[in-house]
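Have a look at the model first, and then read on.

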Amino acid sequence: MILVLTVPLAGWWYVLRPVPSLDGLVSLPELSAPVMVRFDGRGVPYIEANTEADLYLALGYLTARDRMFQMDMMRRIAEGKLSEVFGVGCLPQDKLMRTIGCGRLGLTEANTLSAESKSMLNEYCRGINKYLSTNFDKLPVEFSLLGYQPAAWEPADSMAILKYLCYCQDESWRLDDLRQRIVDKMGAEKAAALFLEDYNTTSNAVLRSAGAKALKADGLPEKLASLWSDRDSIFKPSPHFGSTAWAVSGRNTDTGGALLASDKDQTLTSPDSWYLCALNVPGFHAAGATIPGVPGIFAGRNDYIAWSSASLKADVQDLVLEEFSPQFPTKYKTASGWQNATELTEEIPVRLGANIVHKVLITTHGPVLIKSDSKAVSLSWSGNAVERPALESLRLLNKARDWNEFQQALKVHPGPAQMFIYADHSGNIGYHGAGDIPVRAGKGDGILLGKGWEPKNQWLSKVPFQELPASYNPPSGYLIAANQKLVKAGYAWLLGHQWCTPYRALRLESCFSDLLSHGRKIGLPDCNELLSDQASYLSPLVKREISQALSGAQEIDKYQLAALDLVEHWDGVLKPESAAAAIYESFLHTLAHRLLVPKLGADLTRDYLERYPTWPLFVERFLKEKSQQWLPPEERTYSTFILTTFSQSVNALRLSLRTDDAKRWTWQSVHKATFRHIITQGLPWAGALFNTGPIGVGGDADSINALDIAGDTTQGEFACHSGPTMRILVDQSDRSKFYQSLSLGESGHRLSAMARDQLQAWLRVDPLPVAFSTEQLERQSQHKLILTNASLSKPE
């Protein structure tokens with residue numbers, strides 16, 4: 001009887017009681033006047049205030065109500081403080097973050113903000129701290145499980161989160177390390193074929209230089225690889241951080257208004273990475289997606305313009321070889337002589353253990369990632385330079401009224417390097433690259449480890465803003481940004497090497513040109529259909545090669561025949577219910593493994609397929625050129641290789657799904673997305689309580705509706721860890737035509753009705769309206785909360 005009574009009461013006390021109410025009165029004496037908050041059925045707040053100070057205080061308070069545990073975890077990740085909560089298991093992550101220094105950089109940037117941005121951030125922090133001080137006894141259940149109270153929120157915490165997210169999108173040093181290890185393993189010529197680059201002309205490949213033996217003798221390559229050996233960690237930045245965005249000029253739309261559509265491809269997490277809101281104060285009216293812990297709208301609209309962005313995939317990180325003096329451990333060699341490295345001491349609190357003292361060395365290039373007695377590898381990153389914090393650009397962007405003000409906002413955007421896309425109420429469209437992209441000395445390209453004491457391996461300046469890729473009202477009447485290589489041959493500046501495949505951009509280009517060539521005007525339904533598009537660009541090529549190989553085979557078993565029939569009658573769309581889609585993906589990945597494992601080994605092959613998002617281009621080239629040099633040792637001809645690869649891919653699906661019925665090998669049966677909760681990094685058993693999924697999905701990393709394939713695929717299972725975490729649709733002809741949705745929901749409280757209420761709409765790619773116009777606000781409002789500056793006898 002005690003258990004029967006206690007368990008429900010404890011569940012209510014720890015889980016349901018912290019879920020905030022969407023109606024009523026809340027006392028916030030810090031306000032200068034009452035603030036009205038109206039919520040729609042998804043819990044998206046529409047905040048109306050008299051001053052911007054009150055507006056951001058309310059936003060901080062409301063965000064904390066819904067996402068406080070997520071916000072606390074984000075600042076702990078950024079500042080390297082996870083071990084204080086989770087113990088020694090998070091020490092490697094904390095040490096890496098303390099070394100990179102997002103917390104240090106965030107503190108410096110918080111102190112260099114303009115008066116306007118500082119006021120905005122301070123009020124936001126006041127709102128968060130008001131929530132913490134008045135709800136200390138009913139915080140989210142995760143705090144109770146872990147047994148700790150969150151500290152007060154500081155402006156530096158928000159800036160550290162912003163810096164960490166910049167690092168995640170900028171991170172390319174792991175890819176640089178991977179390139180170097182593959183060059184070591186198979187030589188420059190074959191490595192160049194894998195990365196579609198020419199390493200024979202690279203001037204800074206030190207592992208092929210006289211210093212190679214010394215570097216390897218110190219074990220630095222292995223130490224560097226060990227920094228990212230935990231492949232399944234939720235902290236590891238995904239190479240599929242990207243997004244797809246496009247805009248259509250008013251002259252090409254069915255309403256005459258410019259259209260903007262976008263999604264944000266990121267790691268799938270529970271709760272969502274984004275928090276939706278609408279903000280209204282005299283002189284400023286905007287709505288869109290914020291990041292919990294950071295004020296400002298990253299993708300959305302105001303009364304004049306709409307905006308979003310996609311990663312420019314610029315290379316703003318280099319690995320640099322440093323030579324240290326064995327006799328004087330802090331002195332390192334530079335082009336002008338020996339210099340002293342800056343030495344910092346970081347103390348990392350560890351739960352149930354002694355504090356760890358972590359030493360950080362910083363050279364002129366950046367923080368030292370690994371070091372032996374005389375050699376070290378440091379990280380050059382454009383984010384190390386603190387000149388103008390990203391919050392400044394975000395504040396200006398939110399208030400931009402036209403193309404000129406949009407550009408002025410982007411001029412002070414330091415990173416991450418993005419292609420920002422624009423549509424205004426006059427029917428104009430444009431995009432402009434923004435971010436600090438280094439100009440390297442000589443012919444240096446940063447793709448392989450460079451000697452830090454040589455002048456040719458230094459950064460000289462930044463690519464001028466006015467020379468970054470840009471377009472305004474192009475003749476085509478539309479613009480596409482999909483992480484593709486946007487620069488043409490002869491472009492003066494080196495932007496990067498880590499573009500995604502061009503397949504999404506090519507698909508969009510084909511769809512738009514086809515519609516317009518037939519005299520069709522493009523509308524929001526067309527854009528939403530494209531957001532859901534899961535067509536496979538390589539499917540015609542793969543179908544042809546499989547059919548040709550099997551047509552000449554003397555013996556084919558019944559399973560291969562059934563699979564071949566499905567593939568030959570397939571429309572090339574990676575629908576969740578498609579069995580042919582599963583066969584296609586199994587074949588593609590089996591082929592890649594069979595080509596690469598004999599030359600790279602299993603571990604390096606998996607690293608390559610996970611870290612290099614453009615690997616399908618290598619497969620495409622192989623299928624077109626049929627190069628004999630890549631065939632595994634056991635195969636003599638291309639045709640037999642395709643035949644045996646197809647057989648192995650079919651058998652992998654049979655074993656994985658435990659059925660011989662080919663029609664039951666649906667793509668969603670093996671391609672499953674899991675929205676992982678960060679608490680599982682410290683409490684793995686809590687995944688059953690806090691994770692969402694696994695859920696069967698369609699698409700792949702190269703479809704417009706991009707859902708990646710992660711982990712080991714050799715057993716016929718295809719995990720999905722990243723995808724479109726937010727989608728946006730805007731028609732500038734009507735302020736009521738504004739749609740934005742998340743993958744799960746607004747709330748971070750597990751048992752809230754708004755925690756996962758958007759999941760089915762996300763799977764179906766249904767557009768969900770956000771109240772922006774007065775008419776839409778009246779239609780959608782379902783709850784009303786008044787934040788008053790008067791004292792109440794009864795707190796919330």
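## Cysteines and a strand

Cys 125 counts as buried, at 3% relative accessibility; buried means under 20% relative accessible area, exposed over 50% and partly exposed in between, with a 1.4 Å probe and protein chains only. This is a predicted model, in which local features need pLDDT of at least 70, side-chain atom pairs count only at pLDDT 80 or more, and totals for chains, interfaces and linings use all residues. Residues are numbered from 1 along each chain as its sequence is written, and side-chain values use heavy atoms, with hydrogens and water left out.

How many disulfides does a search of the whole structure find? The count is zero, where a disulfide is a pair of cysteine sulfur atoms within 2.5 Å. Cys 511 is in no disulfide. For Cys 125, the closest cysteine sulfur is too far for a bond. The table puts the two cysteines together.

| Cysteine | Relative accessible area | Nearest cysteine sulfur |
|---|---|---|
| Cys 125 | 3% | Cys 277, 16 Å |
| Cys 511 | 15% | Cys 527, 11 Å |

Now for the strand. Six of the seven residues of strand 10 (residues 317-323) are buried, so the strand is largely enclosed by the rest of the structure. Helices (H or I, at least four residues) and strands (E, at least two) are DSSP runs, numbered from the N terminus, and two strands pair if DSSP finds at least two bridges between them.

Strand 10 runs antiparallel to strand 16 (residues 375-381), joined by seven bridges. With strand 20 (residues 450-451), strand 10 pairs in the parallel sense over two bridges. Val 320 has Ser 378 as its bridge partner in strand 16, and Val 320 also stands opposite Gly 450 in strand 20.
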